[in-house]
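Here is a short briefing to read beside the model. Have the viewer open and follow along, starting with a pair of helices.

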Amino acid sequence: MSLRAIRAAGAEPVDAASIAVFRATVGLLLAIEMGRFFLHGWIDSRLLAPTFLFKYPGFGWVAPPPGDGLYWVFAALGVLSVMVAVGLFYRVAVVALFLGFGYVFLLEQANYLNQYYLVLCVLALLCCMPAERAWSVDRWRRNPEASETVPRWNVWALRAQFEVVLVYAGLVKLNADWLAGQPLEIWLDVYADLPGIGEWLGSRQTALLASYGALALHLIGAPLLLWRPARLPVFLLYVAFHVANSLLFRIGLFPWITLVGTLLFFDPNWPRRLWSHLAAQPAGQPAVRSPARQDDASSWPRRLVLVLLIAQILIPLRGMFYPGRASWTGEGQWFAWRMKLDEKACTARFLVHDDRGMRAAVAPESLLSPRQAAIMAKNPDLALQFAHLLRDREIAAGGGSTVRVTAEVCCALNGRPAARLIDPRVDLAATRRQPGHYDWVLPLPPGEARLGERCPSD
């Protein structure tokens, strides 16, 4: 098929019903998530109470608003989420929601979760689509008789988004630990005492079965969603998979957004057909199939969506250019769809050396929240930011202009013995942040930790 034929097929109008269901569900889930931030006190504990927030490169200027401003930001995000869900002033609401959620996302790097990155990607795509064309307040108040169609490329783009997520979720599992049943064996073992199913959940055979099952579901099942005869059985497998993940691991939004995204692989009019079937009525009036509107035919939304999707395909590949395993080094793991992949427990202690040769040990928990400290210890870039904080505090306190900061960071990956992650001889205060590999990140020791890499026992 030629490029011209592909573009022509992409411009064909299709029923907007499936995208409308997706829009409404995403908006509802985000409204619930904003409520959870209020209910659990996360606005304060994760963003306001900490005296220091980690920053993404280039976004050090992003800061919380003064006073109770951040509470108002989250309240506004909740309102905007509802507006997107019901399709009220949709075009303005979805752009504002994307910008507002992106602002909150950039406030604290230690709060990074793949589910929040997925939300940003989905909102960016929805900003380029007329997702209010069906089942929305906008349509009802403007022109109830208008066509309920969208260009076919809208559906293609959202399908591509979830194909990228699901396939990469499988590719990152192609490592020795996952194929050996780790860390699922560790995670499932906590359920070993449950009556009835505990013995089965806690067995090594179950861990291996779950590991290979998840791998096959992503690497084989995700492409099969593109094949009509396989969609329903694969979808049902994904339902079981995501429900099990939600019950066992409580991983928030991700299972539900991914599940509703999987529904996009069915015919665009599946919601109308399902409603007609449930109501025991003849098939409802199909969406008016009219030529795509002029704004749909413009090239900039399609080009922007294409750039966003290509970027998501390329960004995870940068991990190939870092030495060592990303699970251990933490390098190249951001924005790479490495979801619920490893069990990594770390401890960290920093040593501040002043001009006089005096050395003071600093526990990260003295300046960071327990959650920040735990996440920071796993990631060298965050550890470097913390070392710079200690340097700046020591200089401000009169410790001299040649303050040195070293770190003793020890980690245990997927049940291995604890080993050093960061070279304790390197002065992190004199090290600049960079996009490439940090040569002071030590490799994962093969087997038992060698003497030179063993963590101190004190």
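H4 and H5 pack at an angle of about 140 degrees, with their axes 9 Å apart. Axes here are lines fitted to C-alpha atoms, for helices over the stretch in contact, and angles run from 0 to 180 degrees between N-to-C directions. Helices (H or I, at least four residues) and strands (E, at least two) are DSSP runs, numbered from the N terminus.

This is a predicted model: local features need pLDDT of at least 70, side-chain atom pairs count only at pLDDT 80 or more, and totals for chains, interfaces and linings use all residues. Residues are numbered from 1 along each chain as its sequence is written, and side-chain values use heavy atoms, with hydrogens and water left out.

**The H4–H5 pair**

- The crossing of H4 and H5 is left-handed, meaning that the near helix is turned anticlockwise from the far one by less than a right angle.

**Helix H5 and its surroundings**

- H5 covers residues 90–107, and its 18 residues reach 26 Å from first C-alpha to last, close to the 26 Å expected at 1.5 Å a residue; the expected span is 1.5 Å times one less than the number of residues.
- Its buried residues (under 20% relative accessible area; exposed is over 50%, partly exposed in between, with a 1.4 Å probe and protein chains only) include Leu 97, Gly 100, Phe 101 and Val 104.
- Those buried residues pack against helices H2 (17–39), H3 (42–48), H4 (69–86), H6 (114–126) and H7 (137–142).

**Nonpolar cores**

- A nonpolar core is a set of buried Ala, Val, Leu, Ile, Met, Phe, Trp, Tyr and Cys residues joined through side-chain atoms within 4.5 Å.
- The largest has 113 residues, of which Phe 22, Trp 337, Phe 350 and Phe 386 touch the most other members.
- A second, separate core of 11 residues includes Val 172, Leu 184, Leu 188 and Ala 207.

**Backbone spots to check**

- Most residues other than glycine have a negative phi, and most peptide bonds are trans.
- Trp 337, in the loop between helix H18 (326–329) and strand S3 (344–353), has a positive phi of about 55 degrees and is buried at 0% relative accessibility.
- Arg 250, in the loop between H13 (228–249) and H14 (254–262), has a phi near 50 degrees and is exposed, at 75% relative accessible area.
- The peptide bond from Gln 182 to Pro 183 is cis, with omega near 10 degrees; Pro 183 sits in the loop between H9 (176–179) and H10 (184–189).

Conventions. Contact = heavy atoms within 4.5 Å.
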